[in-house]
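Open the model in your viewer and keep the selection tool at hand.

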Amino acid sequence: MVWEKASRLKDTRAALQNSIVHHLKCSLGKQWGTHGNRDMYLALSLALRDRLVERMLETVTAYRQADAKRLYYLSIEFLIGRSLGNNLCNLGIFDTCKHAFMEMGVDLEEVRDEERDAALGNGGLGRLAACFLDSLATMGLPGFGYGINYEYGLFKQEIDGGYQREKPDNWLAERTPWQIERSDESCIVPIYGRIEHAEDRNGFYNPMWLDWKVIMGVPYDMPIAGYGGKTVNRLRLYAARPSAEFDMQIFNEGDYFKAVEQKIATETVSKVLYPADSFEAGRELRLVQEYFLVACALRDIVRRYQKSHSSFENFPDKVAIQLNDTHPALTVAELMRILVDEMYVPWENSWEITRRTLAYTNHTLLPEALEKWPVGLLEHVLPRHMQIIYEINYRFLRHVAELWPGDTDRMRRLSLIEEGEQKQVRMAHLAIAGSHSVNGVAKLHTELLKNTLIPDFYAVWPERFNNKTNGVTQRRWLLKANPSLSRLITDAIGDSWITNLDRLRELEAHAYDAAFQEEFLRIKQENKVKLGRIISSTAHVDVSADTLFDIQAKRIHEYKRQLLNALHIVHEYLSMVEDGREPTVPKTFILAGKAAPGYWAAKQVIKLIHNLGEVINNDPRVDGLLRVVFVPDYRVSLAERIIPAADLSEQISTAGKEASGTGNMKFAINGALTIGTMDGANIEILEEVGGDNIYIFGLKADEVQRMRTDRSYNPREYSDRYPEIRRVMDAFRDDLFCPHEPGLFRWIYDRLLDPSDEYFHLADLVPYIEAHRTAQSDYLNKSLWSRKAILNVARMGKFSSDRTIMEYARDIWNLKQV
């Protein structure tokens, strides 16, 4: 065969074919002609991995020779999705590979579908981390991710009778070709044990952490290619293993089953993403999991630093560590422990090094989402760390007392320890105290952080607070996810937008061009047809691409208000069947997302959506006019199919609840118009695209806060004032959508009419309905709609993760390109 003669590591068609055949034979033990699509996926992935590893080693060498400062991004999640297509795009050989496969008689798309999503995350937190890794590599910045190599992801979502059922997502059951095991760089993680109070030779207090148990952290590296393939960084993921195959003493005493039990218990640490913490053992496992990440990462970071530096004096000049939310907050205590206990650096110097090295990103405005750990649990699992946290708190509160003498209420609010029946450590407070930078992820979010969520900390250290509005990587979310639109853009303005999204502004000149509009709409229609096929095969509902695709795809949570979407759907349906109103435009409402297994209300919303579909989709009176669909098992690879097909993007969280959101950016960059509230990054999208090209409705954050503070929200007033609201609520009371399950949705009627509804559904419902009417009227005018959609794409330059990373590198990390 012709491809056997080419050098395997070049990027030519023949070299790629040669490399694939080599791996089929030498890595998989398959002869040509006996392979299937799975074999071709593995062989192609291994062929790409060869190229990635070669460039990764070159990248590491360049960093080492430059003695470059490095950024280490610690995150409990990295939602990277599938790697094959992304690596083909970033290496610049997607078309080469496609033609190589055609010559070999293989369909590349069928092969790509063999890959499972890497189940290393859940939602926006992990997807943002993945975008950041892409941007760091593309921009030639020395940035590395640290996470956990979960064997099982959150869960695989199946629908049974309209109810979410969680199935294990064992993504590693079939080995992934993208990971490289580095067992020679395994590290020891101590947990449990006791503190022996002793003195050193000079008579100073010298606590000794003794009798701890050991977990081994085994690293697995995933190469992360920047666009163009010049820089390849890595994501290092740790798996938990027992310190020895068995505890030999237990084994020799004849208790084989106990030895096996200990082995299994150790490996559980990296078994599952977010173990349930509703019971004590689950909470303990989750805490151990978070410390496992921190301990492995810091051990590796310190080891690398010590290879070329003998003193820790310059540690912050060579190392920057970003804490992605509070999950890695124990980094503060662990770095202090390493410096003080192992490196014998004095406390004051250690604290200065720690503070200058660490930076913290807050991702939530929900007080209940700010992690707290019982003091007793921390003392049991990490006794030395609890000592260190107490000492940090003592010194911090002494500083607070100097600033505000006698203000005990302020000291109580700022303390790292929350007093009460059960004392708890406030992990966000620990992260803030131990970092030189605290950032929010959208302008509104950062202002609410400073003025509402943690104003006392802002009063102590106003210079630490800054904003870094989130972004998404256009390489995955436009170039890879929407190749037809990418080609149209490139044909119009060139391909520089792939690494400089601000260049999309040049599309504005084409927004009024009839031929460009027509091609833009044709591509949207093509994407809708593709999504329709997926919906038919997964949700078993037929939808028409000639309808308006109204899409809300995100984690199911009350503050994201999928329930408000459902209220509007009910209103639309009742207006048609009871009032005989012809809809402005035929619509298909598409929802997708997972609910946390223990989140009853969110799971009930999924059931409601299915019941709405069951009634509406089978009612001949609205046939062809209204459809409701829930697409199961939302994940990155599915999002890449859903987002390019959207006409209207639902971003309708209660104002002041969403930190930023990145789904809003992904939809807009693919030509969907946003209907949304003044929340999170919606506000900045409004500023960029202009008020004529977005549909904003509802209460603002300050109005919500005022109604919450003075308790002036009375949902029954809205129900009494607006007949359309009353009719929608009566439908839930009267079991219209659950005739065979009486009372199933009565909780919605009771909860939304109660003044304690903290998400203000009924206050925003009528403005939401009116915003929809405007959007639907605009949709009828194809020229108007396409112009608005094109302008959305053209004005999304700000929302590239490249811009976000550039700001982090400049303002927080002091990181330079190599």
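For sorting lining residues, Ala, Val, Leu, Ile, Met, Phe, Trp, Tyr, Cys and Pro count as nonpolar, Asp, Glu, Lys and Arg as charged, and the others, Gly among them, as polar. This is a predicted model, in which local features need pLDDT of at least 70 and side-chain atom pairs count only at pLDDT 80 or more, while totals for chains, interfaces and linings use all residues. Residues are numbered from 1 along each chain as its sequence is written, and side-chain values use heavy atoms, with hydrogens and water left out.

A cavity is a set of points, on a 1 Å grid over the protein atoms alone, where a 1.4 Å probe fits but cannot get out; a pocket is an open set with protein on both sides within 12 Å along at least five of seven lines; lining residues have an atom within 4 Å of a point. Grid points are joined across faces, edges and corners, and a volume is the space filled by probe spheres set on the points. The whole structure holds four cavities of 30 Å³ or more. The largest cavity has about 190 Å³ of space. Select Ile80, Ser83, Asn86, Ile224 and Arg476, the closest to its centre of the 17 lining residues. That lining divides into eight nonpolar, five polar and four charged residues.

**Second largest pocket.** Next select Phe94, Glu109, Arg112, Lys480 and Pro483, which lie nearest the centre of this pocket among its 37 lining residues. Its volume is about 1,200 Å³. The lining has 13 nonpolar, nine polar and 15 charged residues. Helices that each give at least two residues include H4 (94-103), H20 (483-493) and H21 (514-538).

**Two backbone stops.** Tyr192 sits in the loop between strands E6 (187-191) and E7 (194-196), with a positive phi near 65° in a residue other than glycine. Is Tyr192 buried or exposed? Tyr192 counts as buried because its relative accessibility is 17%. Buried means under 20% relative accessible area, exposed over 50%, partly exposed in between (1.4 Å probe, protein chains only). Asn814, in the segment after helix H33 (801-813), also is not a glycine and has a positive phi of about 50°. At 46% relative accessibility, Asn814 is partly exposed.

**Chain end.** Finally, colour by pLDDT, the predictor's confidence in each residue, from 0 to 100. The chain averages 94, and 96% of the residues score at least 70. Over residues 1-6 pLDDT stays under 50.

Conventions. Helices (H or I, at least four residues) and strands (E, at least two) are DSSP runs, numbered from the N terminus. Contact means heavy atoms within 4.5 Å.
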